[in-house]
Amino acid sequence: MSDEDDLEDFETDQDDLEREDDEKETEEWEDYRKEGEESEDWISTPLTEDMMKEGLSLLCKTGNGLAHAYVKLEIKDRDLTDIHLLRSYIHLRYVDVSENHLTGLSPLNHLTHLLWLKADGNQLRSARLNELPYLQIASFAYNQITDTEGISHPRLASLDLKGNRIHMVTGLDPQKLISLHTLELRGNQLNSTLGINLPKLKNLFLAQNMLKKVEGLENLSNLTTLHLRDNQIETLSGFSKEMKSLQYLNLRGNMVADLGELAKLRDLPRLRALVLLDNPCTDENDYRQEALVQIAHLERLDKEFYEEEERAEADEIRQRMKEEQEQEAEVEPESELDQSST
């Protein structure tokens, strides 16, 4: 069995990525927060050989094919503060060190065959690691990470940094992160979308931050899913026709008050599903109709598909508006001629 086949078992499920935040996840986040705030003076608990024996599994051939080694390690919830021992386990491919008290991951720099890493619910201040050539999935959720520096793994496809303390995205180099297609930054303290210049990105999760607008995402031509739920966005400027793959946009729980803002989404050629629940503009009587008038190719609004009757009515309104604009355009030159002749 190849590394890629093994990795399928650990790949984040796309349906799970696109689901709405549920109560269970919110409670989990709060539990991590409280645990991290209760104490920073943990009793020193290093990783031991006995723990390794308990946590190792998945016997595979090593590189030369002549020897075997265990390549999967799970040491969750052991109150660990030190994983120095991992330096010598160079054949590990899958490592889960979640729910410990780790403040750093430098021993993992020696695991050059690593494919999958989960380090959620620790006390990490940074996700910085040396370049790991085969790392494809990495999760650092619910830590105390404050920046996105030091992440440069060429085969990294999915990066999870939700529930941290990141204010600004910096250091994500598109020349190095050439495989990254899913970036999870939900539940941080982001006040800007600048710094996410990753043209290969397909799924971007920015819910529960402090964003007031969208900016710097114009080059994300492969982006299909964008979650911006529960921010402070008032304007829909910042969306570009260059975002030609965007199909699903979630803006629930923001501060968009003017239905006219929807016209700024008109140039997104593949936008099919839009979520605007819990924005002030949804209180308008003609909200649903106006959205379809402005975005003719929209198929679903707030989880409800448009009916043929709604689509026909929107077409009529759009045609009527077009005719009125043409009439106005004809009247203007005539009035100018009248003024010039007097």
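Where does Lys-303 lie? Lys-303 sits in the loop between strand E12 (300–301) and strand E13 (304–305). Strands (E, at least two residues) and helices (H or I, at least four) are DSSP runs, numbered from the N terminus. Lys-303 is not a glycine, yet it has a positive phi of about 75°. Asp-77 also is not a glycine, and its phi is positive at about 55°. The loop that holds Asp-77 runs between strand E2 (68–74) and strand E3 (94–96).

A word on the ground rules. This is a predicted model, in which local features need pLDDT of at least 70, side-chain atom pairs count only at pLDDT 80 or more, and totals for chains, interfaces and linings use all residues. Residues are numbered from 1 along each chain as its sequence is written, and side-chain values use heavy atoms, with hydrogens and water left out.

Confidence comes next. pLDDT is the predictor's confidence in each residue, from 0 to 100. The protein averages 88, and 85% of the residues score at least 70. Over residues 1–18, pLDDT stays under 50. For that stretch the model has 27 contacts (heavy atoms within 4.5 Å) beyond four places in sequence. Where pLDDT is low, the predicted coordinates should not be read in detail.

Now the interior. A nonpolar core is a set of buried Ala, Val, Leu, Ile, Met, Phe, Trp, Tyr and Cys residues joined through side-chain atoms within 4.5 Å. Buried means under 20% relative accessible area, with a 1.4 Å probe and protein chains only. The largest such core has 77 residues, and Phe-140 and Phe-239 have the most contacts inside it. Helix H4 (49–55), helix H5 (287–294) and helix H6 (308–341) are the elements that give it two or more residues. H5 supplies the largest share, 4 residues. Beyond four places in sequence, Phe-140 touches residues including Leu-105, Leu-117, Ile-145 and Leu-161. A second, separate core of 6 residues includes Cys-60, Tyr-94, Trp-116 and Ile-137.

Leu-185 lies in a loop too, between strand E7 (182–184) and strand E8 (203–205). Is Leu-185 buried or exposed? Its relative accessibility is 0%, so Leu-185 counts as buried. Its C-alpha atom is 4.6 Å from that of Lys-162, 23 residues apart along the chain. Among its contacts beyond four places in sequence are Leu-161, Lys-162, Ile-166 and Phe-205.

Last, the cysteines. Cys-60 is buried because its relative accessible area is 14%. Cys-281 is buried at 0%. A disulfide is a pair of cysteine sulfur atoms within 2.5 Å; the count by this rule is 0.

Notes. Buried < 20%, exposed > 50% of the residue type's maximum accessible area, 1.4 Å probe, protein only.
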